[in-house]
Structures are given as structure tokens and as C-alpha cells.
Amino acid sequence: KTPDKTDYLELNHQALETRHNQYAYQYQKKVVVNKLEGQTKILWNLTDDERKSICEDFHSDKPFTWSPKGTYLVLVKSEKVEFIGGSQMTPILTINQPKVENVIFSPCERYVLLYQPRNDRPYSVWNFMSCEKIRDFEQDIGEDSKTFKWSHDGNYIAKMSKKTIVKEGETEEEKSEVTKTFISCYELPSMQMCEDSDGNKV
């Protein structure tokens, strides 16, 4: 049986993330969000009058998503990305970046990675707390929106890449190519590449 009410605090429980969709739904580009004032009825139990009084309409050009802890609703528009949150479900922060395809939060929700494949440097890492871009990256062949991965605590971001090395020989026939796999790891918030025990960048 579907419950009539729920506690807003449940939304901050990562294990219950799939329940967030009880409080928001999308029709084409229109996103309707329950304001979540204390304990409220789930959306499909609302009358038309109730929905008008406790729901807010937003728009998103892409399917909306939730941040990992359920703190923010992410709306991607043609010229910007909006983050909605709080008990009143109001705009918290806006990143004015066009043509964003994907928004990937760090698990700690302190940082966010934007993927803009039409840009010269499609990957950009932002400090969500200060709305500051702290680094961007070019895109190599074969890379996509899933190239970069966050650590479980959000203190690191890394990617795996492949590089072909040509070994010269005395003759053309003795030349050979070797493909090696590398992992590049960056520490937040400095976004400096990490070093191994020998002081080599990794």
C-alpha cells in the first residue's frame, strides 16, 4: 500500500533515492516539484487545488536528476544548469554554461562535473559551494560522459586513458607499437595530479 505521507528527511537517505520521484515528475520539458514542507502528501494523491498550492513548476531540456544525497534537483537548460533545493524547493545555484549534456555530482555534493561535448574542453570540474570552475579538460578519442569517475568520498576524480607508444627500430620493419593504459588521478579541491610513492604523477 502506498503511504499517504512521508518525512522529508527520508529524501536525504541515499539508499532511498528512488523514492525522490514521488516528489517530482516531468512531462516533456515541464518539471513539477512538491515543495516538501514538513510532511506532505505524495504527488499522485494530490487534488488539483492542493497541487497548485504546494507544487512549483520548473523547466528542463533534459530529464531531471537528483544529487547523490537527494539534496538538489538538477535541471539542465540550453544556456545554464539550475540546482533546486531547500524545504521550499527554490533555486539554490545556477551555473551559466551552455550545451551541457551531463551533470555528475561528487558523492559528497561539494563538487560537480559538467560534460559539454561541443566545447573545445568538454569536461569542467566546479566547486559547488563557491560556484567556481576549478579545472577543465580536453576530450580524447573514445572518451564520453562516463570517462571520469569520483572516489567514494568525493576527494578525488580520475580517468583511465590509453596511449600508443611507437618503439623505433633500425629499419621500418622493426618499428613496433605498444598500447599502454594509464590512470590519471586528481585531488580536490586543488585538482592537482596525484603522485605515487616515487614522486611520479599518476
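Visitor: What should I know about the model before I start?

Guide: This is a predicted model, in which local features need pLDDT of at least 70 and side-chain atom pairs count only at pLDDT 80 or more, while totals for chains, interfaces and linings use all residues. Residues are numbered from 1 along each chain as its sequence is written, and side-chain values use heavy atoms, with hydrogens and water left out.

Visitor: How many helices and strands does the protein chain have?

Guide: Helices (H or I, at least four residues) and strands (E, at least two) are DSSP runs, numbered from the N terminus. Here the protein chain has 1 helix and 17 strands.

Visitor: Which strands make up the open sheet of 4 strands, and in what order?

Guide: Two strands pair if DSSP finds at least two bridges between them. In this structure the open sheet has the order β6-β7-β8-β9, with antiparallel pairing, and its edge strands, β6 (65–66) and β9 (90–95), each pair on one side only. Between β6 and strand β7 (residues 72–76) there are 2 bridges in the antiparallel sense, and threonine 65 has valine 74 in β7 as its bridge partner.

Visitor: Is valine 31 buried or exposed?

Guide: A residue is buried under 20% relative accessible area, exposed over 50%, and partly exposed in between (1.4 Å probe, protein chains only). Valine 31, which is found in strand β3 (residues 30–34), counts as buried because its relative accessibility is 0%. Taking the protein chain as a whole, buried residues make up 37% of its 202 residues.

Visitor: How many aromatic pairs does the structure hold?

Guide: Rings of Phe, Tyr and Trp (its six-membered ring) pair if their centres lie within 6.5 Å; planes under 30 degrees apart count as stacked, over 60 as edge-to-face and the rest as tilted. The structure holds 9 aromatic pairs. In the pair of phenylalanine 83 and phenylalanine 105, the ring centres are 5.6 Å apart and the planes lie at 80°, so the pair is edge-to-face. Because phenylalanine 83 lies in strand β8 (residues 81–85) and phenylalanine 105 in strand β10 (residues 102–105), the pair ties together parts that are 22 residues apart in sequence. Phenylalanine 83 counts as buried at 0% relative accessibility, and phenylalanine 105 also counts as buried, at 8%.

Visitor: Which residues form one aromatic cluster?

Guide: The cluster is formed by Tyr115, Tyr123, Phe137, Phe148 and Tyr186.
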